[in-house]
Amino acid sequence: MQIDKLSKVYFSPTNTTQEIVEAIAKGLGIEDTERIDLTKADTRENFSLNLNSNNELLIIGVPVYEERIPDLVKEPLNNLRGEEQGVILIAVYGNIGEGIALKELKNLVEKKGFNVVAAGSFIGEHSFSNSQLKIATGRPDEDDLKQAKQFAMRITEKLLKIDNIEELPKLNIQGELPLMAKVLPKNSAKIFAKRPKVAKEKCNNCGICIKVCPVGAIDQEELKINNEICLRCFACAKKCPQEARNIKFKKELLVKFILRKKGAERKEVKIYL
Ligand SMILES: Cc1cc2nc3c(=O)[nH]c(=O)nc-3n(C[C@H](O)[C@H](O)[C@H](O)COP(=O)(O)O)c2cc1C
C-alpha cells in the first residue's frame, strides 16, 4: 500500500527523540508530512488528531521516563483518533532501561483505533549526563541514525507488501518494569536530581531556559524553578548558551554510582517489525 501523508508526533525536551523520529521520517521519504511537537505546553493542551484516510501514517516518539512513557504525554495522546491507520512507535531512553514504555504506547494507540506497523527503542544521551557523569554521550550517534534509516526502509518494504493495514499481524512488544521502578514513587527523578538553579553571574537573561522548559516551571522575573513542576529533563541546563545552570544530584555519590553502573554497557537499538 502507498502512504500519502505522515504525521509526526513527539515529546522531546533535549531533542534526542526528535532526532530519531526525524531520521525515520526522512528514511520513509513521504513528501506530505505534519509535525506536532508536544514538548510545548500549549501544543499539548490543544492537541487532538483525527486520521481518517487509509493512506495516512502516524509516528509517535517519546522519551522513557522512569521506565515508562512520561505522564504528561498521556493526556494529549488520549486525544488521538484513528480508523485503523498504521502507527510507528518510538521510545528513546538514556542507556539505563527502556522498561515498559513501548508496551504502554502500544496499548494506548490500539485503544485509539490504530494498528502498530513497527516499533523501536533507541538510545539518546541521558538527560542527567554531563561532563562529569557521561551516560550515552553523543547518542544517537552515526550508527544509531544508520539503524533508524534502515528501520524506515524495512517499514516501507513491509507496507508495500500489503493492500490494507488490517492485514498485518499484531506485534508482540516485550518489556518489563525492573524492581526499582516498581518500588520508587512517581516523579522519582526529584529524589535523585536537584532542580538546576541559575548562576546569576553567568546568566545574561536571554530567556532561552524559560522558552525551552516543557512545563513552564521557570519564573520569568527571578528565573527560579518551581520544584514541584520541574521534570528534571535539564533542557534548561543543556540549552543555556552561558552554561549558567548545572546538573546536580542529591545523595550524589550513590546516585552517580547507580547511574554509572547501570549505564556503563552500551545498549543497542531494538526493533519490532
Ligand atoms: C525524569 C526522567 C526520567 C528518566 N528515566 C529514564 C529511564 O528510566 N531509563 C533510561 O534509560 N533513561 C531515562 N531518562 C533519560 C531519557 O530517557 C533520555 O535522556 C532521552 O534520550 C531523553 O529524550 P529527549 O532528548 O527527547 O528529551 C530519564 C530522563 C528523565 C528526565
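1. N95 is buried, because its relative accessibility is 3%; buried means under 20% relative accessible area, exposed over 50%, and partly exposed in between, with a 1.4 Å probe and protein chains only. This residue sits in the loop between β6 and α4. Helices (H or I, at least four residues) and strands (E, at least two) are DSSP runs, numbered from the N terminus.

2. The basis of these remarks is a predicted model, in which local features need pLDDT of at least 70 and side-chain atom pairs count only at pLDDT 80 or more, while totals for chains, interfaces and linings use all residues. Residues are numbered from 1 along each chain as its sequence is written, and side-chain values use heavy atoms, with hydrogens and water left out.

3. A positive phi also occurs at N15, with a value of about 75 degrees, although N15 is not a glycine. N15 belongs to the loop between β1 (5-10) and α1. With a relative accessibility of 29%, N15 counts as partly exposed.

4. The packing of two helices deserves attention. Helix α1 (residues 16-28) and helix α5 (residues 142-160) pack at an angle of about 45 degrees, and their axes are 8 Å apart. Axes are lines fitted to C-alpha atoms, for helices over the stretch in contact, and angles run from 0 to 180 degrees between N-to-C directions. The two helices, α1 and α5, are therefore oblique to each other; angles under 35 degrees count as roughly parallel, over 145 as roughly antiparallel, 65 to 115 as roughly perpendicular and the rest as oblique.

5. Contact means heavy atoms within 4.5 Å.

6. Four aromatic pairs are present in the structure. Rings of Phe, Tyr and Trp (its six-membered ring) pair if their centres lie within 6.5 Å; planes under 30 degrees apart count as stacked, over 60 as edge-to-face and the rest as tilted. One of the pairs is the tilted one of F122 and F151, at 6.0 Å centre to centre and with 55 degrees between the planes. F122 lies in strand β7 (residues 114-123) and F151 in helix α5, so this pair ties together parts that are 29 residues apart in sequence. F122 and F151 are both buried.

7. The ring centres of F128 and F234 are 5.6 Å apart and the planes stand at 80 degrees, so this pair is edge-to-face. F128 is in the loop between β7 and α5, and F234 is in the loop between α8 (208-212) and α9 (235-238), so that distant parts of the chain, 106 residues apart, are linked. F128 is buried, at a relative accessible area of 9%, and F234 is buried too, at 1%. Together with F249, F128 and F234 form one aromatic cluster.

8. Which residues of α4 are buried? They are A101, L102, E104, L105, K106, L108 and V109. The elements that cover them include β4 (56-63), α3 (71-77), β5 (80-81), β6 (85-93), β7 and β8 (270-272). K111 lies in α4, which spans residues 101-111, and is exposed, with a relative accessible area of 70%.

9. After α4 comes G113, with a positive phi near 95 degrees. G113 is found in the loop between α4 and β7 and is buried, its relative accessible area being 15%. Apart from its neighbours within four places in sequence, G113 is in contact with G82, E83, E84 and Q85.

10. Two further loop sites should be noted. A cis peptide bond, with omega about 5 degrees, joins R139 and P140, and P140 lies in the loop between β7 and α5. C213, in the loop between α8 and α9, is buried, with a relative accessible area of 16%.
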